[in-house]
Amino acid sequence: MKHPIVFTSEQEMPPMAVSLADMGHNRTGSWRYLRPIYSEKLAPCTGACPAGNDIPRIMSLVAEGRYRDAWRLFRQTSPLPGVCGRVCYHPCESACNRKDFDEALSVAAIERFVADECFDLEDEIPSRARRAERVAVVGSGPAGLTCAYFLAKDGYSVTVFEAESEPGGMLRVGIPPYRLPREILDREIELIARWGVEFTVNTRIGRDMDLEKLWEQHDAVFIATGAHRSRPLGIPGEELALTGLEFLKTINVGRSVQIGTKVLVIGGGNTAMDAARTALRLGARPVVVYRRTRGEMPAISEEIEEAEHEGIQFEFLAAPQVIRRLNGQLEVQFIRMQLGEPDQSGRRRPVPIPGSAFVLRADAVLKAVGEEPELPFLSQSLETSEGIIIDRSQELLERTGIFIGGDAQTGPSTVVQAIGAGKEAARAIQSFLRGERKPKAVKLEEALRVNFSYFAHLPRVPTEHLPASERITNFSESKQPISAELARAEAGRCFSCGVCNYCDNCWLFCPDAAIARVNGGYEIDFDFCKGCGICAEECPRSVISLAEEEL
Amino acid sequence: MTTVLTGTKKVVTGNHAVSYGAMLSRVQVISAYPITPQTQVVELLSELCANGALRAKFIKVESEHSAMAALVGAASTGARTFTATSAHGLALMHEMLHWAAGARLPIVLADINRAMGPPWSVWTDQNDSLAQRDTGWMQLYCESNQEVLDTVIQAYKVAERVLMPAMLVLDAFVLSHTAEQVEIPDQALVDQYLPLYQPLYKLDVNSPRSFGALAPPDVYMELRYKMHQAMEDALEEFARADEEFEKFFGRCYGLIEPYRADDADLILVTSGTVTSTAREVIDELQAEGRKIGLLKVRLFRPFPKELLRQALSGVAKVAVIDRNISFGMGGIFAQEIKSALYNVHQRPSIFGFVAGLGGRDITPAVIREIIDYTENHDEPEDLIWIGVKR
């Protein structure tokens, strides 16, 4: 204080309580003990997506009509948006914060729209230094394709070995074309090939090629052979039944199977649904027989609903006991079940009711009670348990440069899980080849707090299907695309949780005008920010955090 | 589109007279919340802002407290500010009224006198404004729509000279919703009479200062002393502003106005619209040969004590009509006048009448009853209720 102020009379005083000195030295920033920080969070949708699609940013691009940029962003995290937009079970939508406000965003419909809109645009493939190392990928399903794509993008020479005559793995042989049209799959594989990935088809490891040999010729091997072995029913006469997967494979590669009219499909998973709906399209009248009830069916609920709409019959609480041939038909004896105590999966265990056996006749029986990995080419020394390579063995594999992932490792799962596993494998292989430790995944804080006050209720874009009567006569795609207008509107419903979309709320609300818009972002002038926290409170999407000032 | 030709005559309500007064004063910030019977004041002002006749920022708020708070902020930056309210709205502003006065901000407010609830009433009486007596606001009670318009302009003139806020007060419905011929002064003349406000200190980002900070006991009292001095100065400033106004516009009102009061034995004291009725009665009584005069009190704060002493000492009897009641004491104008005259040697007998609460009409017959009562009684009484059904 340069000049102590002493008033000796009222005449010396100003009329009101006002500082005579300029207060510029003592700015409101000196009050602050909390500091607002722009710190973007992980949107729950992105957190739930095994591929890690950056959904809020993609949605913001779609809402602006920047479909090409949205497509590029999808392809930064996954080479298969056209596939995922159709067959993904979209865990992103289950995690969507919007579901607590009105309805979750229809992310899958938008992903499909973007992929369909942009696939024929020539993707720029920058020339990059080729690396010396060669990587073999065994299996061309979603895990293998994804791993190959990311390694090729990184400059590695990648060869994918496929047992069948065309790449795609379960996407091609397991998923019927009415769910995933073949041209969609073909074009996404073509785009992966454009990055320099080579495909060697009709080559089954363990039959046409040794794993040992592959290992010698490559610097790393990724085993992504999926889970293709159907589990047995374990009953007499089961050799009379076709496996659901075999049936699908045969139809999906364009050959025919005689199944007659009356077809029994045993099982309640996705293979059972696909087999039943495929049989229906071939003119059969399938009945799905499942040993528990509808609520316990492991198939994606959307698939069950579609099967019901198409008129497929369900017989619940029945387990097969024996299959017999009788007068050119098949006769299956079932026993009626009831639900008992919950088992390890948390579902109630089906228990047979004594003396309740009954018989159903059919022209064909398709068994689809689950698949498991088949890894005969792996050395016997590797421990397996129910077809799944346990962790210790995986470490062993990785030390030698052999990696495993996807359904081959975990047992049957989803397409997007396999994509996630393929990405993970690509990262592990990169680290292995460079002699680095694999970087630890940093788990960001999730944006779970949304200020709903800033949003209006808007209905979710409806999912349209071809009429059931029309779609059961052929294999054309059942689910209909959405228009550009609907895609933009739907993307506009995205809260952009945790991801700043420059809504200006912080800038608008700051009572000290301490937030400036700088270079398309925001800057806080800490000379004036008094740490009131209004910006953090009014940020609709949890982008701003408050931290205590360090003394 | 509302077009206002200044320098013309127009038939307007009291409420619109307020709006035109604010427009001619070129107010820069208006913040208000609607309440019957004030609403039309801000309706017209918002129209004038919308159509460009008035270049002011109109701030919509969620309460009267916020309205005044917004004006405190705006006035601190040196803007000329205006609001209008009534009854409960004014009551809700109470805290901020103190703030405006203590911060020495020359805000002008129009209060349309409305009786306080409960029970709900929308009709006139003065309890709402008189309850704000000690907030440090100047108060002027108006008799006609012309006086309303002119008082808005005068209020800014004085408020900005002495740095105290001013409230002009008009009776609900009797003035607010009744149309009269009003001369709308020429804008150029008003601009000359009332130049732009030049604040002594203002909120300025380029020269930041602290306002309204803590004042310890060794300075607080001085600041209060200065507020009181400013009010005393305002008496002179009002007289000067009124004189100057007359030169510009040919009209003046005085701080108090005696009407035919020379040689009167009894003087009736009124405020607001009752005065107009009383003028008629006084004319009739004087025609009858009775020596009865009238005194209108226009300025209530600061209270023109000296002028009242001059006007009323030596008169035998004074009858004060109060359209208000201080429960447990009596009419407030009567109290104030008695208090002002207590130390005068030749003080009159002062009779306090309470009449016309909650909008009950004060008719010529009521005024005659008050005068007759005063004439017929020798001992003055503090509180005489007129018209109560017993």
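**View 1. The largest nonpolar core of this predicted model.** This core counts 143 residues, and the members that touch the most others are Val62(A), Ala148(A), Phe222(A), Val265(A) and Leu366(A). Helix H16 of chain A, residues 415-434, supplies the largest share of the core, with nine residues. A second, separate core has 126 residues, among them Ala70(B), Met164(B), Phe238(B) and Leu268(B).

**View 2. Zooming in on Phe222(A) and its contacts.** Once you skip the neighbours within four places in sequence, Phe222(A) is in contact with Val135(A), Val137(A) and Val138(A), including also Gly144(A) and Cys147(A). Further along the chain, its partners include Phe403(A), Gly405(A), Ala425(A) and Ile429(A).

**View 3. An open parallel sheet in the order S4-S3-S2-S5-S19 of chain A.** Five strands make up this sheet. Strand S4 (198-200) and strand S19 (402-404) of chain A sit at the edges with a single partner strand each, so one side of each has no neighbour in the sheet. Ignoring direction, neighbouring strands here are turned by 20° against each other on average. If you want one residue pair to look for, Ile223(A) has Ile404(A) in S19(A) as its bridge partner. Helix H7 of chain A (residues 142-153) lies across strand S2 (134-138), strand S3 (157-161) and S5 of chain A, and runs at about 165° to S3(A).

**View 4. Another open parallel sheet, ordered S7-S15-S8-S9-S10 in chain A.** Five strands build this one. Its edges are strand S7 (242-243) and strand S10 (313-316) of chain A; each has a single partner strand, so one side of each is left without a neighbour in the sheet. Strand S9 of chain A, residues 285-290, pairs with S10(A) in the parallel sense through four bridges. Look for Val287(A), which stands opposite Gln313(A) in S10(A). Helix H12 of chain A (residues 270-281) lies across strand S8 (262-266), S9 and strand S15 (364-367) of chain A, running at about 165° to S9(A).

**View 5. The hairpin of S20(A) and S21(A).** Strand S20 (residues 515-518) of chain A and S21(A) run antiparallel and are joined by four bridges. Ile515(A) has Ile524(A) in S21(A) as its bridge partner. Two residues lie between the strands, and in this hairpin Asn519(A) takes a positive phi near 45°. Which residues of strand S21 (residues 521-524) of chain A are on its covered face? Tyr522(A) and Ile524(A) are, whereas Gly521(A) and Glu523(A) make up the uncovered one.

**View 6. Where chain A meets chain B.** Twelve residues of chain A are in contact with 19 residues of chain B. The chain A side that touches chain B is made up of eight nonpolar, two polar and two charged residues.

**View 7. Chain A as a whole, with its confidence values.** Chain A averages a pLDDT of 90, and 94% of the residues score at least 70. Residues 380-393 of chain A are a stretch to treat separately: pLDDT stays under 50 there, and the model has 16 contacts beyond four places in sequence for them. Chain A has 20 helices and 22 strands, and its C-alpha trace spans about 120 × 55 × 45 Å along its principal axes. Of its 551 residues, 43% count as buried.

Conventions
Residues numbered from 1 in each chain as written. Chains lettered and ligands numbered in written order. Predicted model: local features only at pLDDT ≥ 70, side-chain atom pairs only at ≥ 80, totals over all residues. Contact = placed C-beta atoms within 7 Å. Nonpolar A, V, L, I, M, F, W, Y, C, P; charged D, E, K, R; others polar. Core = buried A, V, L, I, M, F, W, Y, C linked by C-beta atoms within 7 Å. Buried ≥ 20, exposed ≤ 12 C-beta atoms within 10 Å, placed from the backbone. pLDDT = per-residue confidence, 0-100. Pairing = 2+ DSSP bridges. Axes fitted to C-alpha atoms, helices over the stretch in contact; angles between N-to-C directions.
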